[in-house]
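Here are my notes on this model, as numbered points. Please read them beside the coordinates.

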Amino acid sequence: MNTNLISQKLLAEGWTKELTPPGMKPWDDFYGGWTYSTASRVNAVFETPCGLLLKRSECSCSGFMSFMVVDWSEENDNMTILCPHYARSQVCELNHPLLRGNQIGGSHYENLCFCAVHETNKPWCYEHSRRKIEDDAEAEKKRLFEAFKASRGGHVCEQHCRFDRSAKQWSMDYDPQRCLDGCTYCPVLNKELSPKKAHVFYDLKVSHIQKGEGIFPDKEQITINKGIKLFKHPRSETLCEAIVKTCRESLQHSVDMQFQSAIRLDGYRYEVMNIRMGRREKRDNDADRREEQAGIVVRHKSDADKAEKARRSAQRAETRKKKELRNRRVTEAEFLAADSAEIESSKAAWVEKLGKPRYEELCRLRSDRENGIGEQFGLFGG
């Protein structure tokens, strides 16, 4: 960054880069020189262009920002915060010209924009503070939620609601997949959640066109993956029933997003089918046979999970076997390299490590080597 304003001022007063002024952090070219230490700014007060006061601790969006070739920072006296007003219908003319009308995330329903603030000598006052604006907005938000809740007969859960701070309106998009496991009562369903647990299962139909060659025409390949669990762990049967009834579209959307590359690039089609609730997967063997006779490939997720579990178990066993063999080789090499006195003094320990048959074999090998006799058998059990 360019040298910030506070550093320019301190350099003009005679400070050098090697000598850090009180209340500042050591010189850092990346941040434009000296920057304020947190402890030195506890009592600093800032003011927005519209006259709202705020304490330094309230500046949650006070990091360094480079925008339009300007370094927006506390050291340049142009630190930025999110404007506490969300219902502005027009661009704020009091804001810095470079920041006017530049909205950030969520701008499709809220006016979120940065506002440049400056340090002031005014004492902080709640009645003229940004905090009061936010407290008033929060109180209004709660009041409007109670009114929204009453308009729907109390069948509202804030977990599924969103508040548009620009329009000052609440809306609800009920999705039981987002329900918290700790809840015992659902105000939307107006019932206690069952303590009994279950899973939500679904089948996934995958279709694609296999290109033919020569005289062979194109052929549609269909695979149905059955018994896929929506959640890793079981949930209340009440929530599972609600999910089965209401979440087909959201589940289909989730699948489409997951496989969007295969859909867009390779022409695959994914269809969520047979959403159901159950404590465990139940198979319809007759239906499986009919589908297989029709040329459909039927797979069960539980079979794939078992195969994967067996593969990982075999892999772990192979890893343990290799590790044991490696450790055994190291132990045998240490035994052959040790002197006779050490072996004799620790005979019981060596027998336990190597096993009595192998210990005796290696002892004979040591003896043959000491007597100049060629090896009668290979090292490491060869």
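**Strand β12 and its partners**

1. In β13, Gln210 has Lys219 as its bridge partner. Strands β12 and β13 (residues 219–229) run antiparallel and are joined by 9 bridges. Strands here are DSSP runs of E, at least two residues, numbered from the N terminus. Two strands pair if DSSP finds at least two bridges between them.

2. The model is predicted: local features need pLDDT of at least 70, side-chain atom pairs count only at pLDDT 80 or more, and totals for chains, interfaces and linings use all residues. Residues are numbered from 1 along each chain as its sequence is written, and side-chain values use heavy atoms, with hydrogens and water left out.

3. β12 also runs antiparallel to β15 (residues 269–278), with 8 bridges. There, Asp203 stands opposite Met273. Ala198 has Arg235 as its bridge partner in β14.

4. Why is β12 (residues 197–210) largely enclosed by the rest of the structure? Because 10 of its 14 residues are buried. Buried means under 20% relative accessible area, exposed over 50%, partly exposed in between (1.4 Å probe, protein chains only).

5. Two loop residues deserve a look. Met68, not a glycine, has a positive phi near 55 degrees. Met68 lies in the loop between β3 (65–67) and β4 (70–72).

6. Asp77 is not a glycine either, yet its phi is positive, about 55 degrees. Asp77 sits in the loop between β4 and β5 (80–82). With a relative accessible area of 35%, Asp77 is partly exposed.

How values were computed:
Helices (H or I, at least four residues) and strands (E, at least two) are DSSP runs, numbered from the N terminus.
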